[in-house]
Structure formats: C-alpha cells, structure tokens
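Trainee: I am new to this structure. Could you help me learn how to read it?
Mentor: Gladly; let us look at it together.

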Amino acid sequence: MEKVEKCDIVIIGGGATGTSIFRDAAMRGLKACLLEREEISSGATSHSHQNLLGGMRYVIKDPDVADECARENEIISKIAPHIVSPVKNYFVGFRNEYTISALDAAKYVGVRFKIINANVAFKEIPLLNPKIDVVVETEDKNINATELCRLNCISAVKRNGTLLEYTVVKNIEKQSYNEYVVFTNHGRITTRYVINAAGAWTNHIANKLEITLPLLYSQGTIIVQKSLSPRGLQYFHEPGDGDAYIVHNGFAWLGTTSTTINSPEEAKPEPWAEHYLKDKFSIILPKVIDQETIRAFVGVRPLLKTTNSLNGRKQSRNFQIIEKPKGFFHIIGGKLTIARLMAEKVADKICEEMGINTKCTTAKLPLGD
C-alpha cells in the first residue's frame, strides 16, 4: 500500500537554497518536508567555489546583490563560525578606472574591505605578478557548503521537519485551490504549498505542471591544482572568466568558465578550459600556467533570463521568486552566500498567505540549533 504523508510545505531540492528553506519553514512552526533525489548538497552547491562572498565582485554590475552578499556574509559568519574560514581573500589587480570606481562603490554599498600595501602582499605571496599595485582584503572566505546544508537539515528535523533523500519526484498534481499531491518513488505527499528549489533542474519540476520558466543554463568549469598562494585570490577587474583562485587545504580551485548549454544534462568540463583558465589567471600568478591540473569539475548556474543575450555573464545574479500556479513557488538565481535570505523571503510569502505572523529567526539562532 502506498504511504501517504501530509504536510504544510514540500520543498524540492536539497542544496543550499532548499535546505535553508527547510530550516526557516520548520522554525516558523510549519510542517515541512524536503525531497532530494540524491544526497543533500550533491548538486550545484558542492560544485561551486564554496566561497562565502563579501560582495566586492558585484559592486558595479549588481549593487543590490553586493549589498545582500555583504549582509549575509556577516550573518553566516556569526551563526556558523565553525564552517567559515577565518582566512580572507585578496582582490588583486591594477590601479585603473574600474578598481577606483569599484572601491568607491563598495564604500557606498557597505561592502567591507581593507587596503593592503602591495609589498606586504608580495612578502606573503612571492609568486604574485610584481606589477600588481592594488591589493584589497575582502570578507570573501571559504565555507563548507555541505556542512551548511547538513546543519540546516538538523535544525529542521529537530522541529518536526521530514527529510527524504534519494526521493525522486515522479509527478505533481494540483487537486484543488489549496492542495497539491506530489508523487515520488517512495509514495505520495499531500501538501498545501510546493517550493521548487531544484536549481538547474527547476524546469524539470515546473514541467510537471506544464510550466516552463525562461532559464539560461550557464556551466562553469573549475580546475584544481596545488596552490601557489596561502589564501584565496581574485582578479580585481570587471567580472569575467577565470577570476577566482580559491584555496582549500593547500589546493587551488581556479575558475570559472561561463558556457551556455541547452540543459543541465549536457554539463561536462570543456576540453579547452584548463589552458584557458590558466591563461586568464596568469596575469595575477604567472606560474599558474606551469602548475599541473589534478582534476576538473563543473557546475551549472540556472539563471533567469533578464536580457536577450545568451551570455551568462550578461544576466543578473539576483534571485527571483515566481508563484505559478497559486501555491507553487519557483525560486531562481541567487548565490550560495544569500541562500538564507532567499529562504526568508519565500517563507515570508507563504506565512503571509497562511495568515501566520511568526517572524524569521534564522539570522539570529546558531546554525544547527
């Protein structure tokens, strides 16, 4: 006999966004159920740079995103200090119109940074390009993204949340004005609300209700090599490919590319990415070209198309919440850094519809409690 579950809210997708929504909903007293087709954090969340952004990258192009990153960086650093590295990134580059404008914009937006004497940086990182004359320490730092997702789930399960890993959504039916039935490989779940937080597979879920969202799939390849720097480095210029050299336990994750693909199933490291990424970043660390590549991996950014361009770099990194049909929310875009904020906003919408006045507390309580 088929097992039947009932809950207030079903969340589909166990990455940073989905697990953050799971935590927020449960902490507000909602009976929440999270479905993940594999293990928690097995998708795009674990295939990113796993860097808690400070906002400097977006101060010119996406100042609202920069502000969100700066605020959420501070929050996550306070509620989960044990999964955030104390070692901060350097943004390094050359004094020009962009770097001057970006630092002015950072002050205006509220992005925190500290100017570092270039000679100090050269002593710490002797292999830096000696022509570099701008070094800025930002709040960008490593985060254990898998642990972030795990702790979100611990918080939710403590509050009667139900976590179902290895659970595949087979179909979704709208039964009435305020009820959905979600059919899975382990049974069916009746719920009032569905949140589609499936990341690159958002349209796979939306299609089950004959809905297609205007998404652009941008894949990013990251190559891994032994690090030439004790801390993460980012090329301080207009955002582009091969800007970030994020150091994890003595290994540098250099990326990314931005290649538009037709569907997430097509994602695989581009054969030209190794040389391309090394060449791009050699303006910062010249010897990166000679450093052996240990492996490469790829993640997919599902971006809501805000322009007619097929170039992922031209699309905003902001997030959007789309309710279509009533009671079915799709959450698109955003960054790992602002997953908690994205969860707060979608939970606010559901609580408002349900007439629940419970406020969000995820920014104050320690992660995992």
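This is a predicted model: local features need pLDDT of at least 70, side-chain atom pairs count only at pLDDT 80 or more; totals for chains, interfaces and linings use all residues.

Mentor: Residues are numbered from 1 along each chain as its sequence is written, and side-chain values use heavy atoms, leaving out hydrogens and water.

Trainee: How many disulfides does the structure hold?

Mentor: A disulfide is a covalent bond between the sulfur atoms of two cysteines; here it is taken as a pair of cysteine sulfur atoms within 2.5 Å. The structure holds 0. For cysteine 69, the closest cysteine sulfur, in cysteine 149, is 16 Å away, so it is too far for a bond. Likewise, the sulfur of cysteine 351 lies 9.2 Å from its closest counterpart, in cysteine 360, again too far.

Trainee: Is cysteine 69 buried or exposed?

Mentor: Buried means under 20% relative accessible area, exposed over 50%, and partly exposed in between (1.4 Å probe, protein chains only). Cysteine 69 is buried, at 0% relative accessibility, and cysteine 351 is buried too, at 2%.

Trainee: Which residues have the most contacts inside the largest nonpolar core?

Mentor: In soluble globular proteins, nonpolar side chains tend to be buried together. A nonpolar core is a set of buried Ala, Val, Leu, Ile, Met, Phe, Trp, Tyr and Cys residues joined through side-chain atoms within 4.5 Å. The largest has 61 residues, with Ile9, Ile11, Met56, Ile195 and Phe236 having the most contacts inside it. A second, separate core of 25 residues includes Cys33 and Leu213.
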